[in-house]
Amino acid sequence: MALTIPQALKRIDQIMNQVQDQFVEEGSRTVRSKTPVRTGKLQNGWNTKSAPFGRQASIDNNVQYANYVENGSPTVRPYKMAAQTVQTLRSQADSIVRKAVK
Amino acid sequence: MTYQAERASIEQRLLNNLSSVYVQFDNVLGLVDSAGNTLDNEQNLTEWVRLTILTNDSQQAELGTKFTRQEGLISVQVFVKTGTGTQRARVLAESIRTIFHIVQFDDITTRAGTMTVIGEQTGTTDTDNFYQINLDFPYHRHQS
């Protein structure tokens, strides 16, 4: 299949959007599954955001004690749900990109 | 390598290479140092570290076999007393970095570590409290 340059650029753009969406979706699902639950507030506190321009997205949590759960304290062990999610996404990056390019 | 062998290997490596510092391991209430001395709690210590092994996802590494790649995070929290400066905490962090940063031991391979300064607990000036630095090392190993 031959594509003109504008068609190819459009296709690349589609692939990039699909890769970003897939990373956000997978990341959001993974981080929720790795979040410890007592009341559910922290697990439900995860939000995904996409920048209005450019290719950027974030998964964040504004619950006050999220930092303590992630990084621990002298009395609490770290859960590292975000760090573990990054590790998971790294190992899945290849398959996410392949799926989008197909 | 099994889950238990993984734990033993990581804990032993930290303990063997970090002298004169008390370490708290997973699901252990007290602390221990490389000489085998034990303490019930950290209250009278000026510095100590806590090791947490966070075993993460595993993936089939070869089609048709049970050979899997197991990933995880080695997380070490370094604590020094609040108000004693950051020098000792950073020296300890550097020692731990040399133990786990991009190394292979037994069947475990670690990648580049990350240091995060957590600091004191918000609003705390109490000298009974601790200043915290975290070190995280992603690792993987294989299991058949």
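Predicted model: local features only at pLDDT ≥ 70, side-chain atom pairs only at ≥ 80, totals over all residues.
Biologist: Why are α1(B) and α2(B) called oblique to each other?

Modeller: The axes of α1, residues 3-17 of chain B, and α2, residues 87-100 of chain B, cross at roughly 135°. Angles over 145 degrees count as roughly antiparallel and 65 to 115 as roughly perpendicular, with the rest oblique. The two helices are therefore oblique to each other.

Biologist: What is the distance within which the axes of these helices come, and what is the hand of the crossing of α1(B) and α2(B)?

Modeller: The axes come within 10 Å, and the crossing is right-handed.

Biologist: Which residues in α1(B) meet which residues in α2(B)?

Modeller: From α1(B), B:Ile10, B:Arg13, B:Leu14 and B:Asn17 meet B:Ile96, B:Thr98, B:Ile99 and B:Phe100 of α2(B). Contact here means heavy atoms within 4.5 Å. By class, 5 residues of this contact are nonpolar, 2 are polar and 1 is charged.

Biologist: What makes a residue part of the lining of a pocket, and how many residues line the largest pocket?

Modeller: A lining residue has an atom within 4 Å of a point of the pocket. The largest pocket, with a volume of about 340 Å³, has 14 such residues. Nearest its centre lie A:Pro36, A:Arg38, A:Tyr65, A:Val69 and A:Tyr79.

Biologist: Which elements give two or more residues to that lining, and which gives the most?

Modeller: In chain A, α2 (41-44) and α3 (66-71) give two or more residues to the lining. The most come from α2(A), with 3 residues.

Biologist: How do the residues of the lining divide by class?

Modeller: The lining of the largest pocket has 8 nonpolar, 4 polar and 2 charged residues. Tyr and Pro count as nonpolar and Arg as charged.

Key: Residues numbered from 1 in each chain as written. Chains lettered and ligands numbered in written order. Heavy atoms only, no water. 1 Å grid on protein atoms, 1.4 Å probe; cavity = no way out; pocket = protein on both sides within 12 Å on 5 of 7 lines; lining within 4 Å. Points joined across faces, edges and corners; volume = space filled by probe spheres on them. Helix = DSSP H or I, 4+ residues; strand = E, 2+ residues; numbered from the N terminus. Axes fitted to C-alpha atoms, helices over the stretch in contact; angles between N-to-C directions. Parallel < 35°, antiparallel > 145°, perpendicular 65-115°, else oblique. Left-handed = near helix turned anticlockwise from the far one by under 90°.
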